[in-house]
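This report describes a single protein chain from its overall make-up to selected sites. The sequence and the model are shown first.

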Amino acid sequence: MTRRADDVLIAGTLVIFIVFFRCAAAAAATEYVRPPPGRVIFTEHTKPASHPQQVHVSLVGANHMRVSWITEDKHVKSVVEYGKVSGNYTASATGEHTSYRYFLYSSGKIHHVKIGPLGPGTVYYYRCGMAGDEFSLRTPPAALPVELAVAGDLGQTEWTASTLSHVGRTDYDVLLVPGDLSYADAQQPLWDSFGRFVQKYASRRPWMVTEGNHEVEAAMALPGSPRPFTAYAARWRMPYEESGSGTSLYYSFDAAGGAVHVVMLGSYADFNSSSEQYRWLARDLAAVDRGATPWVVVLLHAPWYNTNAAHEGEGEAMRKAMERLLYEARVDVVFAGHVHAYERFTRVYNNEANPCGPVHITIGDGGNREGLAFDFRKNHKLAPLSLMREASFGHGRLSVVNATAARWTWHRNDDADSTVRDEIWLESLASNGACRQGSNAATADSQNDEL
């Protein structure tokens with residue numbers, strides 16, 4: 001981030017803090033003043049053209065990671081040098097590169113290099129393209145416990161900066177993003193700005209993302225027009241081949257040595273029962289051994305359960321097509337974005353409380369430029385299943401402690417602090433005898449998800 005952008009961010013944060021302080025002084029002590037949308041922060045690149053920018057890392061298989069970055073200089077090699085001691089690079093790897101055009105915009109050289117094998121829970125220092133700054137990353141653990149941070153609908157605003165700052169203040173192993181990253185919306189320089197904006201965090205811990213509606217960027221159906229998801233697919237390469245998927249729009253990966261299986265679904269790829277995504281999902285879930293993998297987590301963008309007026313019903317067609325697959329596989333938790341608020345449901349299946357269904361959580365409150373979705377419907381037909389809902393910016397954390405227990409917390413961006421506003425202990429459905437795959441699930445009310 002440039003000095004000018006830093007100054008803008010600091011000044012904006014001070015102004016917002018003063019406004020909040022005055023509002024809080026005038027209100028009751030228990031009242032929370034919800035924040036307005038934050039200003040977009042455009043982050044410039046001020047270093048030489050050969051130096052890496054927009055650096056981020058992602059998981060690839062059990063013991064490899066992918067380092068991705070962009071250079072303005074098209075002659076820079078796609079090479080990563082790395083080692084366990086700063087400045088002492090004992091290994092190197094060569095990868096691939098790509099670029100794309102979007103009408104008059106031409107991207108820089110986009111590098112993707114897979115490094116490894118890497119040790120678990122280990123800090124590695126690395127340099128991209130044999131030039132520029134040194135970065136460091138830490139690999140996730142090879143066994144439980146594991147800490148998964150979750151933040152959706154990020155954008156690049158003052159509130160996004162607050163969210164990521166709060167995420168980074170407490171240690172975590174992987175960040176999961178259920179769609180809507182840059183909010184570029186076809187303005188390609190905003191993709192570059194976003195990559196620079198998140199580099200501080202995305203270069204240190206793996207970011208695993210799926211697409212949202214703001215990644216589609218569909219142009220007019222004219223000869224030579226950019227295809228949908230062109231920028232997203234080129235810049236944020238995820239391990240889809242390793243999970244048997246034919247596209248980066250949906251894939252899966254394991255964490256904590258296979259104890260947690262994470263499925264990233266595509267709300268904007270075909271999902272009906274004759275689609276390739278549906279067939280892939282059925283194969284992927286059928287291959288999970290719940291004895292070895294006690295936790296299964298799913299991310300998608302458009303929520304299947306939602307009592308907010310924003311985007312109401314947009315995930316319903318996908319729910320009808322795919323929900324049974326998730327239910328029969330005893331998926332534990334489903335995270336969604338899209339709605340710019342927080343909402344947590346009880347364990348649910350087919351619009352009814354069900355102790356063997358997943359907990360659905362909407363967490364589209366990362367800080368986007370469009371602001372919050374305030375209109376929760378008190379009389380919505382799903383309202384009895386909604387246990388917690390609030391229109392505030394924030395992020396969440398799924399701390400998987402062992403094979404049977406996980407702690408979920410939602411952290412609201414409360415001025416300069418991160419306030420825990422929702423907390424629940426979850427029991428893995430694989431450890432619940434009544435919910436083992438193939439058993440007849442109970443249909444009684446299950447509004448107590450705690451152990």
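## Contacts and overall make-up

Of the contacts in the protein with a separation of 6 or more, 71% are between residues 24 or more positions apart. The model is a predicted one. The protein contains six helices and 24 strands.

Buried residues account for 58% of the 451 residues. The accessible surface of the protein is about 18000 Å², and carbon and sulfur atoms contribute 51% of that area.

## A four-stranded open sheet

Four strands form an open sheet in the order S1-S2-S8-S5, and their pairing is antiparallel. Strand S1 (53–60) and strand S5 (96–98) are the edge strands; each has a single partner strand, so one side of each has no neighbour in the sheet. From one strand to the next, the twist averages 20°.

Six bridges connect S1 with strand S2 (residues 64–71), in the antiparallel sense. Among the residues involved, Val60 has His64 in S2 as its bridge partner. Helix H3 (residues 189–202) lies across S1 and S2, and H3 runs at about 60° to S1.

His338 is located in the loop that links strand S17 (333–336) to strand S18 (342–349). The relative accessibility of His338 is 3%, and this residue therefore counts as buried, the cut-off for that class being under 20%.

When residues up to four places away in sequence are not counted, His338 touches Asp153, Asn213, Tyr268, His301, Ala302, Pro303, His311, Glu314 and Gly364. With one of these, His301, there is a polar contact between side chains at 3.2 Å. Another, Glu314, is 24 residues from His338 along the chain, and the C-alpha atoms of the two residues are separated by 9.6 Å.

Strand S21 (residues 386–390) includes Ser386. This serine has a relative accessibility of 12% and so counts as buried.

Neighbours within four places in sequence left aside, the residues in contact with Ser386 are Thr307, Glu343, Arg344 and Phe345. The side chains of Ser386 and Glu343 make a polar contact at 2.6 Å.

## The disulfide and the cysteines

How many disulfides does a search of the whole structure find? The search finds one, which joins Cys356 to Cys435 with an S to S distance of 2.0 Å. The torsion about the S-S bond of Cys356 and Cys435 is about -80°, and the disulfide is therefore left-handed. Cys356 lies in the loop between strand S19 (352–353) and strand S20 (359–363), whereas Cys435 belongs to the segment after strand S24 (417–427), so the pair ties together parts that are 79 residues apart in sequence.

Are the cysteines of this pair buried or exposed? Cys356 counts as buried because its relative accessibility is 1%. Cys435 is also buried, with a relative accessibility of 1%. Cys128 likewise has a relative accessibility of 1% and counts as buried.

Terms used
Residues are numbered from 1 along each chain as its sequence is written. This is a predicted model: local features need pLDDT of at least 70, side-chain atom pairs count only at pLDDT 80 or more; totals for chains, interfaces and linings use all residues. Side-chain values use heavy atoms; hydrogens and water are left out. Two strands pair if DSSP finds at least two bridges between them. Helices (H or I, at least four residues) and strands (E, at least two) are DSSP runs, numbered from the N terminus. Axes are lines fitted to C-alpha atoms, for helices over the stretch in contact, and angles run from 0 to 180 degrees between N-to-C directions. Contact means heavy atoms within 4.5 Å. Buried means under 20% relative accessible area, exposed over 50%, partly exposed in between (1.4 Å probe, protein chains only). Accessible areas come from the Shrake-Rupley method with a 1.4 Å probe; for residues, only the protein chains shown count as cover. A polar contact is a pair of N or O atoms within 3.5 Å; within protein, one must be able to donate a hydrogen and the other to accept it, and residues adjacent in sequence count only if both atoms are side-chain atoms. A disulfide is a pair of cysteine sulfur atoms within 2.5 Å.
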